[in-house]
Amino acid sequence: MDEKLRELVRDLLKKGEVDAVLSLKAFEGCVAPHLFTSEDEVSSLVSSPKYPVALIMPMLQSEYPDAKLGVVVRGCDERTFVELAKRGQVDLDKLVLIGLACTSEDVEECKCELPYPTKIDIGEKVEGVTNPEMEKIGEMGMEERLDYWAYQFSKCIKCYGCKNACPLCICESCILEEKDWVKTGDVPPEFPAFHLIRAYHTADRCVDCKECEKACPAHIPLTTLYGMIRKDMQELFGYRAGEDVKKKPPLVTVLEDSALEEA
Amino acid sequence: MKYENVPTICPYCGCGCGIFLQVLDGKLVGVLPSKTHPINQGTLCIKGWNIHHFVNSPDRLKTPLMRKNGNLEPVSWEEALSFVADKLGKIKKESGPDSLAVLASAKCTNEENYVIQKFTRAVLGTNNVDHCARLCHASTVTGLVGSFGSGAMTNSVPEFLDADCILITGSNTLEQHPLIGSWLLDAKEKGTKFIVIDPREIPMVKFADMYLQFRPGSDVAWINGMMRIIIEEGLEDKEFIGERTEGYEELKKVVEKYTPDFVEKVSGISEDQLVQAAKMFASAEKGSIIYSMGITQHTTGTDNVQSIANLAMLTGNVGRRSTGVNPLRGQNNVQGACDVGGLPNVYPGYQVVTVEDNKKKFEEAWGVPLDDKVGLTIVEMLNAAFEGKVKGMFIVGENPMLSDPDINHVKESLQILDLLVVQDIFMTETAELADVILPAASYAEKDGTFTATDRRVQKLRKAIEPIGDARVDWEIICDIAKRMGADGFEFSSASEIMDELASVSPIYGGISFDRLGSNGGLLWPCPDAEHAGTEFLHSGRFTKGRGSFTAIDFIEANELPDDEYPFILSTGRMMFHYHTGTMTRRTPVLVTEVSTGFVEIHPDDAEKLSIADGEMVKVSSRRGEIEIPAQVTDKIRPGMIFIPFHFAECAANILTNPALDPKAKIPELKVCSAKVEKITV
């Protein structure tokens, strides 16, 4: 699969269809995001483990505003680009998305519902799965649920990894750092303020890329919580983040007439 | 058009997390955790996530400075280095080599520390080289060398996951070693039992099966008490004791008098809790002990460490996976700085300077005669400076004006020196007193290796060019050495220095830059190029042969509370700041979290003194006084106060006691007596 991907990237660079491609490079035993500018270095390109390439792209586009950049995207990356574009963070017209379908192992690891981009260039489409944790929590009573989350969040060491790894946490100043909202200097941070503020702030943009959870040193099942909110967004407003670049996010929409009707 | 991720190692604590520095067109723009790294696996703590901020701080030292007419003025490298070389040479000639002293740095690379100690020994001609390991784990090195033959963490970090029971004492692991804390949380969810024994109710207590709060300084008493219970219950590992250890009978005799009742009186740990904890630990198949400065920073530091070693051997918990005695090292490279000889009593690889064969070996390797006397330790150097015996000090990347006990005395001592050279990345409190300041490159601007707490040697990679005219530490030292007419400092790369280090230090014998890669490195001992490194020590045999039990009696701390100074003061660290704050206090997110120091005090004590939470109070000891906001919290014992030492404006170390452990020469930073007073306007 990686060899096919390399061929494709080489071809894009060779034909001059892109100036560079953002993907992953394997070297010295590790794998890191890398901007491939020449065909020669493409031999070290790999597709996993998944890194948040969409976290890096806004910086690259602002540094190289005229460049045509390629980027290897999984389903979640593509959805992230849609949400970033809605918020003016990336220019999709200057991007060439190279679609990569996740493998069944990837799906198993991420418990991903939608593990492929709209256009698949590399790999075979594998159907998604639902996060079994969501169902488990859905069956809990309110008291039990609160205890569950209180325990999970008691592990938090306030690293802000969830925020830092999130390609859609784009606010210039973060409310989580404001002491009027969350008391500063505490480990763990105040429950439930810190985590619920973050959950609501990402409610209409979270595309379930799992980067927050993968960046959590306490292994808090953040995407289970966010997944439940995503479900609400869909049920209440018929909104799925990352689906359609033209669809306005409900939390930033100004209503001229009446309130949004429940779907 | 260039965007790349340079793999390197986080320069804060000893966890040794793998990070990528994001470099965009030659500028450092961010950090990403490495997802493949065996320790942090794609995660970081708040300090690690913000590790790039201070590198570009406008406060970086960008040019050499020299004191002229009392003021520090910018000068050329030529002027600064020729002055330093001349002056060092002059002091050596006039007052002898031992009138010079050098502080190496736990923040610098192995290669830099190797060069610094080689410079001290081979060019200055003295063993007066030490570094801040003296203040954190000196007693670990003396204690564990005595008990086991090796002073390092016995096991590796990932092994915690499979331990059956972990006893944590004097280590605030979740805050001070957050990514090791992450492994512990995973272990907890897998079923590992935790016993936390600490005077403060640290975050890890929430996840503990048992929490024992005790009076600071009573460690030997409760450990002896536990061992007495284990022996009485017949839970000791007889086979291990018989086959692998010596001195058991003496130990057994000494612990006899540490009845639970006696221990309760001395330590405050209830009889019932002590018995339960002793049984829980002793019945674990794989029992592991984690400790840190709560154990080491005492006048009885070596005793405390050897008591921990006794407990591990008594229960047969050494030399197997997921067991062991695991001192967590506080600095990114404090393990390495010790390994490569940044200590006054050993050459690289812990080869003792007083052994004639070792001296010969290094005289041959370095081509110069060497001194066979043990040199001065940090506090001894400062005392010698105060007495006029040490006349010149060269301090690399350390800030004793905030990190050492009794700062007023430190200041007086440094001011008396004829020459104080400070090599650093920022104008520290120590640099402000210097005659010459040499601007150094930061971790992001150089190649080298760091050795993490679990003996993990990992490669640091240059991501950007040094800021301003700053130069890499080893290059500066080599330049001075050459100016002083020395040979053996013609290195052209860090890799070349590692090759020389490997050739003289058997534990690093098989380590080279080519082998290290960028994904977890190699764990020493790694004696030859084919050796895969060592996950855990003392397998089958202790480094010294048989492990030695040490029969130790409890001794009180050097300074105990009295009517005038009724509180026990402990100092330590916190999640959001690091050591003397030079890096973290220049990092906006961390300053937002915590902007200054505080004194933790129990609500009962606060009420007696009519002190409210957040109120500025005066804290004093026999050494000095500070004003500091009170933090009223029931997470601390009544009669005890705690102050983090990161903050110059309310520096805990103005108060601390410089009394030393007689063997390790570590000062008693965890116990001194103090007074808290309301400030009346």
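How are H5(B) and H14(B) oriented to each other? Keep that for the third stop. This is a predicted model, in which local features need pLDDT of at least 70, side-chain atom pairs count only at pLDDT 80 or more, and totals for chains, interfaces and linings use all residues. Residues are numbered from 1 along each chain as its sequence is written, while chains are lettered from A and ligands numbered from 1 in the order in which they are written.

**Stop 1: chain A against chain B**

Show both chains. Their contact takes 36 residues from chain A and 39 residues from chain B. Two residues are in contact if their C-beta atoms, placed from the backbone, lie within 7 Å. Helices (H or I, at least four residues) and strands (E, at least two) are DSSP runs, numbered from the N terminus. E2(A) provides the largest share of that side, six residues. Colour the chain A side by class: 20 residues are nonpolar, nine polar and seven charged. Here Ala, Val, Leu, Ile, Met, Phe, Trp, Tyr, Cys and Pro count as nonpolar, Asp, Glu, Lys and Arg as charged, and the others, Gly among them, as polar.

**Stop 2: domains of chain B**

Colour chain B by domain: domain 1 (3-56), domain 2 (65-135 + 332-523), domain 3 (154-328) and domain 4 (567-678). The bounds come from an automatic or database domain assignment. Keep domains 3 and 4 in view. Taken over C-alpha atoms, their centres are separated by 26 Å. In domain 3, 19 residues are in contact with 21 residues of domain 4. On the domain 3 side, H6 (173-176), H13 (293-296) and H14 (301-314) of chain B each supply at least two residues. H13(B) gives the most, three residues. That side of domain 3 has three nonpolar, 12 polar and four charged residues.

**Stop 3: around H14(B)**

Two packed helices are described by the angle between their axes and the distance between the axes. Select H5(B), residues 138-147, with H14(B): the axes come within 8 Å and cross at roughly 45°. Axes are lines fitted to C-alpha atoms, for helices over the stretch in contact, and angles run from 0 to 180 degrees between N-to-C directions. H5(B) and H14(B) are therefore oblique to each other. Angles under 35 degrees count as roughly parallel, over 145 as roughly antiparallel, 65 to 115 as roughly perpendicular and the rest as oblique. The crossing of H5(B) past H14(B) is right-handed. (A crossing is left-handed if the near helix is turned anticlockwise from the far one by less than a right angle, and right-handed if clockwise.) Among the contact residues are Gly143(B) of H5(B) and Val305(B) of H14(B). By class, this contact has three nonpolar, 10 polar and no charged residues.

H8(B) packs on H14(B) at an angle of about 15°, with the axes 9 Å apart. That makes H8(B) roughly parallel to H14(B). This crossing is left-handed. Residues that meet include Ile223(B) of H8(B) and Leu311(B) of H14(B). The contact has eight nonpolar, four polar and two charged residues.

**Stop 4: a sheet in chain B**

Select E19, E20 and E21 of chain B. In that order these three strands form an open antiparallel sheet. Two strands pair if DSSP finds at least two bridges between them. E19 (448-451) and E21 (522-523) are the edge strands, each pairing on one side only. Two bridges join E20(B), residues 456-460, to E21(B). Finish on Val457(B), which stands opposite Leu522(B).
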